[in-house]
Amino acid sequence: MESSPTKPCPECGAANRPHARICRQCGAPLISDWQEMPLLRNKVLRRTDFMAAARANQRATRRLVLVLLLVLVVLGYLLGWSLQAMTGDIPVKNETIWFASEWGGWTALVLCFIGAVWSWISFHAGDRIILRMTGADAVTVDEEPQLHNVVEEMAIAAGIRKPRVCVIETDALNAFATGMHPARASIGVTRGLLDALNREELQGVIGHEMGHIVNWDIRYATAVGVMVGLIALVSDGALRSLRFSGRSRHSGGRAGGGRAVVIVLLLLVFAALAPLFSRLVQMAVSRQREFLADATSVRLTRHPEGLISTLEKLKLSAKPFTGANRATQHMFIVNPFRNFSEQVSSLMATHPPIELRIRRLRNLGGGK
């Protein structure tokens, strides 16, 4: 009998390649001897070991900032090098366009400094930036007693300080968490979500967002949102500089002709790929972290049905709203712009399919 062309995940049901070792969607092990492989064992354990996940997120945040700073440095050097070559300011002894660019060095240093300052801002004020971007306003206990009560319950269950409670005045159904560490976190829910959910369902949502806080997902997601915006801004400036390069490519002597074409192509390719790379990093933030946050919600509430019922409502009612944008879409409980199906490539999705999340919650004990 021929083997099946796909291997279904025992936890979420996603189809995987026949020789896959872990599920492409939820990260569950697909082989029986995964515990004998150290790297695979550590990756699998981070899905259920919440302390290990928190440590991994802290390390990942530092690596993320370093990688994105490196992207800025390379982009800055290429930008300065291309402008220097286009203007014909090439060292006299150089017979080719491949030379150590003084302009590139200074541009790289400037962008590295800007990126470092931007990173410092994101770590110290990223939560306030995100709250302002989404239009979330803090509410008092008198204004939203039930919401505050549920948030306090979940904070006690998670063993952390009660986060700031915010509401976004829109009829869309969604929620998010932000902050750079659990001691200074915020949870925001939309007015539509508050109106549409009962207390049990609201508890499941808040438990999910509390999961992002205790697992330190919020730090990573906030840093991604801020840094990706900066790289996109610099790349846009680099592409605009090509206009200047095009006008001056014949005025640089040795930098003209075919050399100018090479320079323009190199700058064009990297300036186009840098934001794409950053977007892929952004999309990779949420997929497996959403599964872990769902599992954390079950651990805190001891009742998966509340979150299952909420996800079923969000599947039908989630929609864009003024406070949602492409830089923050990965931070919400469901993507406000698109409901990803199981057929969508996991590489291009900010969230796992809601159907898979519900299926996995049911396998955790949330009914049939």
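Reply: Contact here means heavy atoms within 4.5 Å. This is a predicted model, in which local features need pLDDT of at least 70 and side-chain atom pairs count only at pLDDT 80 or more, while totals for chains, interfaces and linings use all residues. Residues are numbered from 1 along each chain as its sequence is written, and side-chain values use heavy atoms, with hydrogens and water left out.

Me: Is Ser 186 buried or exposed?
Reply: Ser 186 is found in strand β6, and helices (H or I, at least four residues) and strands (E, at least two) are DSSP runs, numbered from the N terminus. Buried means under 20% relative accessible area, exposed over 50% and partly exposed in between, with a 1.4 Å probe and protein chains only. Because its relative accessibility is 2%, Ser 186 counts as buried.

Me: Which residue in β6 does Thr 178 stand opposite?
Reply: Five bridges join β5 to strand β6 (residues 185-190), and the two run antiparallel; two strands pair if DSSP finds at least two bridges between them. β5 and β6 form a hairpin with five residues between them. Within β6, the residue that stands opposite Thr 178 is Ser 186.

Me: How many residues of strand β5 are buried?
Reply: Strand β5, which covers residues 175-179, has both faces covered,. On one side Ala 175, Ala 177 and Gly 179 are buried, and on the other Phe 176 and Thr 178 are buried. The number of buried residues in β5 is therefore, by the definition of under 20% relative accessible area, five of five.

Me: Which residues does Asp 127 touch?
Reply: Asp 127 has its place in helix α3, and it counts as buried because its relative accessibility is 2%. Leaving out residues up to four places away in sequence, Asp 127 touches Thr 178, Gly 179, Arg 184 and Thr 222.

Me: Why does Ile 121 count as partly exposed?
Reply: Ile 121 lies in helix α3 (residues 102-134). Ile 121 counts as partly exposed because its relative accessibility is 30%.

Me: Why is the pair of Phe 321 and Phe 332 edge-to-face?
Reply: The structure holds two aromatic pairs. In one of them, Phe 321 and Phe 332, the ring centres are 5.5 Å apart and the planes stand at 90°, so the pair is edge-to-face. Rings of Phe, Tyr and Trp (its six-membered ring) pair if their centres lie within 6.5 Å, and planes under 30 degrees apart count as stacked, over 60 as edge-to-face and the rest as tilted. The value that decides the name is thus the angle between the planes, 90°.

Me: What percentage of the 368 residues in the protein is buried?
Reply: The protein has 10 helices and six strands. Among its contacts between residues at least 6 apart in sequence, 66% join residues at least 24 apart. Of the 368 residues, the buried ones make up 52%.
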